[in-house]
Amino acid sequence: MRPGRTTSSVAGMLAALTLAMLLSSCVRLPETGPVVVSNQQGLTSPVEGPYSDPRRPQAHATPGQIVTGFLNAMTAVPLQTQVARQYLTAAGRARWQPKRGMVVYDDTTLPRGSSTVSVTLRGAQRIDGRSMWRGALAPGTHRTAFPMRLEHGEWRINRAPDALLVPSLWFEQHFATVSVYFFDPLGRILVPELVHVPTGDQFTTALVRALVLGPSRSLTGAIRSYIPPGLASGLTVTLQGGGLADIVMRGPAPAPLSEQSTAGMVTQFAATLAQVPGIATFRLTIAGAPVSDGTGATVFPVGVPARADPSVSRGSALVYALRRGLLVSGQAKGLTKLDGPFGTAVQGIASFAVSLNGVDVAATTPDTLLVGPVQNNGSATTVLEGAGPLLRPAWDFAGRLWDIEAAPGGAIVDVITNGKRHRVRVPGVSGHDVRRFLVSRDGSRLVAVIHGAASDRIVVSRLRYATRGRVVGATRAQRLPWQAGGTARVRDIGWLSPTSIAVLHLLTRDVSEVRDLAIDGSTPASEAVTTPFAGRAKGLATSPVENETSYAVLPGNLLDLAQVDPAVRYSHVRQFTYAG
């Protein structure tokens, strides 16, 4: 990152930081809602690395040494701010509320100045108050000023930015990336949101707090939560014997919850807590009242119910492909012809996608989108005639069919619901030169590859829905950072999980690489999982369902990406894919 310009005033610096970053709620964990472990082993994630007790301010320290000590104090393990506060004046301590943002930086410049000490944060990224990754700091906010004052004969910081500032190496060692689960707007399927929370004894409370805080306003219409608002400040999580998590939420008593709201809330907690080692069951208390479901139960098991699984693991697990222009399906090593309209007659298909239940197939010709049955008698129906070439389509869990027209004026995003076409404006995607796109199975995200003059960009947008499930728009697409070791041209993308994708590109003329990226953009370029292999791969066949094999498609064979070994040889076959 390039250093930002010097901030001329304390107020300006604080305003910029407040707008640019919101603190991960986890910095409050030592002060409110710690996890209490009762004589049970293995109930929480272990702390990665030794405990760290930062040094207190030393007598006669210079202003620069005080600022350096303050930054070091924010790397305490377990995470706490008591020592950091000792570097502040009394007024500074009263003002400092590091709840609005966490900044993760690669390194800093040496402190400069005396009455005001400044440092520049290089490679700075931000995390918001819901523990969600928000990407690079806004321009002009990398340089941070610390006004100093003598207090009782010692230099102290009089005003500090309302944020926790930590180095990226420390962050990677002591924070975990996991999901909290919300619902789609109609409450039919879970939607995971990645959060970044501290490991160790603070892990469970930080994870639960991120869930209870709920989605941000920017995601209105994209996701919803059944957990009543205003309950995060008095949260406690106690881990009892037998793997029971006791979650108490204090605050204003919510209105009586309907059976649907109670079931939705319990499902959100069950899916989120399933990521915590050792937790098998949980119970909830809100404003002093225990939560019970329609059966009267007050203790609930953890886990993701199949009916709401965002990976739609109950969907078709078969591989589909085109062989000599006809649709075939089955296990990768044994594809057989299908007897639907696309399996019995060559129709000039350029690309296709099979619905998640394996019933319907959507196929593109140069300028039309056809839909017909995968099996049995039936004919193909034209559902879209494009203004330009059509990209490979995609289905979501609700049976919505998505496609992008590569029109002369740029991409046009279409969704077909019940045979009716609706145009969706996706800021940052519509009107651009889109070469490939994905829609998540839960219908919450659209990922697009945008062709540029020198390189390709990958962007992610959140899809918005009205109360009845009609698509009404999308958030502005955000860039998903990625770093190509070779050419910066994307040959294909595919889902690896509901919150991660695979990116295929060429390292050299004869060597391909697949790079795994978190969907929130938090994967550091140096930390991405990469799989290089010989050959010019032309596509991917991946699935978000755990344990389904991910393939790279090379001329003449499929490469199992987990084993980096040619698993299947083929001829006269193209576009291998899973349902979706």
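Trainee: Let's start with a strand pair. In β26, which residue is the bridge partner of Leu401?
Mentor: Ground rules first: this is a predicted model, with pLDDT of at least 70 needed for local features and 80 or more for side-chain atom pairs, while totals for chains, interfaces and linings use all residues. Residues are numbered from 1 along each chain as its sequence is written, and side-chain values use heavy atoms, leaving out hydrogens and water. Strands are DSSP runs of E with at least two residues, helices are runs of H or I with at least four, and both are numbered from the N terminus. In β26 (residues 410-417), which runs antiparallel to β25, the bridge partner of Leu401 is Ile416.

Trainee: How many bridges join β25 to β26?
Mentor: DSSP has to find at least two bridges between two strands before they count as paired. β25 and β26 make a hairpin with 2 residues between them. Running antiparallel, these strands are joined by a number of bridges that comes to 7.

Trainee: And on the β24 side, which residue of β25 is the bridge partner of Trp395?
Mentor: β24 and β25 also run antiparallel, with 2 bridges. Their hairpin has 5 residues between the strands, and Gly399 there takes a positive phi near 80°. The β25 partner of Trp395 is Leu401.

Trainee: Over to β30 and β31. Which residue in β31 stands opposite Leu463?
Mentor: β30 (residues 456-465) and β31 (residues 471-474) pair in the antiparallel sense over 3 bridges. Their hairpin leaves 5 residues between the strands, and Gly469 has a positive phi near 95°. Opposite Leu463 stands Ala474.

Trainee: Now the holes. Which strand gives the most to the lining of the largest pocket?
Mentor: On a 1 Å grid over the protein atoms alone, a pocket is an open set with protein on both sides within 12 Å along at least five of seven lines, a cavity is a set of points where a 1.4 Å probe fits but cannot get out, and lining residues have an atom within 4 Å of a point. Points join across faces, edges and corners, and a volume is the space filled by probe spheres set on them; the largest pocket holds about 1600 Å³. Of its 49 lining residues, Trp133, Pro481, Asp520, Gly521 and Ser522 are the closest to the centre. With 5 residues, the strand that gives the most is β10.

Trainee: How many of those lining residues are charged?
Mentor: Asp, Glu, Lys and Arg count as charged; Ala, Val, Leu, Ile, Met, Phe, Trp, Tyr, Cys and Pro as nonpolar; the others, Gly among them, as polar. The largest pocket's lining has 19 nonpolar and 20 polar residues, and the charged ones number 10.

Trainee: What volume does the largest cavity have?
Mentor: There are 4 cavities of 30 Å³ or more. The largest is lined by 25 residues, with Arg436, Leu438, Thr542, Thr577 and Gly580 closest to its centre. That lining divides into 15 nonpolar, 6 polar and 4 charged residues. The volume is about 290 Å³.

Trainee: Is Gln80 buried or exposed?
Mentor: Gln80 is also found in the loop between α2 (63-73) and α3 (82-85). Its side chain reaches the backbone nitrogen of Gln82 at 2.8 Å. Because its relative accessibility is 15%, Gln80 counts as buried.

Trainee: Last one: is His152 buried or exposed?
Mentor: His152 lies in the loop between β7 (143-151) and β8 (154-157). It has a positive phi of about 55° although it is not a glycine. At 79% relative accessibility, His152 counts as exposed.

Technical notes. Buried < 20%, exposed > 50% of the residue type's maximum accessible area, 1.4 Å probe, protein only. Polar contact = N/O pair within 3.5 Å; in protein donor to acceptor, adjacent residues only side chain to side chain.
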